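Q: Could you take me through this model and show how accessibility, charge pairs, contacts and open space are read? Please begin with accessibility.

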Amino acid sequence: MQYFGYFWSCRGRSIGMGMMNIKVVKTDYRSLSFLMAGLRGSIGYYLSSLIFWVGCLWFFVDTQQQTWHDKIFNTIVLEG
């Protein structure tokens, strides 16, 4: 929780996301708070992976290309 909380709230990206040149922001393009980022990275990922990773694969069928943890925490992943 602290890893995602720190990197996503301060930089908008984790180390791996930096290598892929993507970042996570709220749907209104503001930065995530430390708590919101930490919860998205722990509870959000857990819920998305709970049933055979369907929540993560949801990206491929969603018109806005959001996963379940994006929808739960009102976030989007952007290039840049």
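**Reading the model**

A: Lys-71 has a relative accessible area of 33% and is therefore partly exposed; buried means under 20% relative accessible area, exposed over 50%, and partly exposed in between, with a 1.4 Å probe and protein chains only. The model is a predicted one, in which local features need pLDDT of at least 70 and side-chain atom pairs count only at pLDDT 80 or more, while totals for chains, interfaces and linings use all residues. Residues are numbered from 1 along each chain as its sequence is written, and side-chain values use heavy atoms, with hydrogens and water left out.

Q: With which residue does Lys-71 form a salt bridge?

A: Side chains of opposite charge can pair when their charged atoms come close. Here the partner of Lys-71 is Asp-62, with the closest N and O atoms 3.1 Å apart; a salt bridge is a side-chain nitrogen of Lys or Arg within 4 Å of a carboxyl oxygen of Asp or Glu. Asp-62 counts as buried at 13% relative accessibility, whereas Lys-71 is partly exposed.

Q: How many salt bridges does a search of the whole structure find?

A: The search finds three. One of them joins Arg-30 to Asp-28, whose closest N and O atoms are 2.8 Å apart, and Asp-28 is partly exposed, with a relative accessible area of 41%. Another salt bridge pairs Arg-40 with Asp-70, where the closest N and O atoms are 2.4 Å apart. Because Arg-40 lies in helix 3 and Asp-70 in helix 5, this pair ties together parts that are 30 residues apart in sequence; helices (H or I, at least four residues) and strands (E, at least two) are DSSP runs, numbered from the N terminus. Arg-40 is buried at 3% relative accessibility, and Asp-70 is buried with a relative accessible area of 3%.

Q: How is open space read, and what volume does the largest pocket have?

A: Rolling a probe the size of a water molecule over the atoms shows where empty space is left. The largest pocket has a volume of about 320 Å³, and among the 17 residues that line this pocket, Ile-22, Arg-40, Phe-59, Asp-70 and Val-77 are the closest to its centre. On a 1 Å grid over the protein atoms alone, a pocket is an open set of points where a 1.4 Å probe fits, with protein on both sides within 12 Å along at least five of seven lines, and lining residues have an atom within 4 Å of a point. Grid points are joined across faces, edges and corners, and the volume is the space filled by probe spheres set on the points.

Q: Which element gives the most to the lining of the largest pocket?

A: Strand 2 does, with three residues. By class, the lining has nine nonpolar, six polar and two charged residues; Ala, Val, Leu, Ile, Met, Phe, Trp, Tyr, Cys and Pro count as nonpolar, Asp, Glu, Lys and Arg as charged, and the others, Gly among them, as polar.

Q: Where does Phe-59 lie, and which residues does it touch?

A: Phe-59 lies in the loop between helix 4 and helix 5 and is partly exposed at 33% relative accessibility. Leaving aside residues up to four places away in sequence, Phe-59 touches Gln-65, Gln-66 and Thr-67, contact meaning heavy atoms within 4.5 Å. Phe-59 and Asp-70 are eleven residues apart in sequence, with their C-alpha atoms 9.5 Å apart in space.

Q: Is Thr-67 buried or exposed, and with which side chain does the side chain of Thr-67 make a polar contact?

A: Thr-67 is buried, with a relative accessible area of 9%, and its side chain makes a polar contact with that of His-69 at 3.1 Å. A polar contact is a pair of N or O atoms within 3.5 Å; within protein, one must be able to donate a hydrogen and the other to accept it, and residues adjacent in sequence count only if both atoms are side-chain atoms. Like Phe-59, Thr-67 is found in the loop between helix 4 and helix 5. Phe-60 in that loop is exposed, with a relative accessible area of 67%.

Q: Which residues of helix 1 are buried?

A: In helix 1, which spans residues 2-10, the buried residues are Phe-4, Gly-5, Phe-7, Trp-8 and Ser-9, and what covers them includes helix 2, strand 1 and helix 3. Ser-9 has a relative accessible area of 18%; a polar atom of its side chain lies 2.4 Å from the backbone oxygen of Gly-5, and the side chain of Ser-9 also reaches the backbone oxygen of Tyr-6 at 3.3 Å. Gly-12, which follows helix 1, has a positive phi near 85 degrees.
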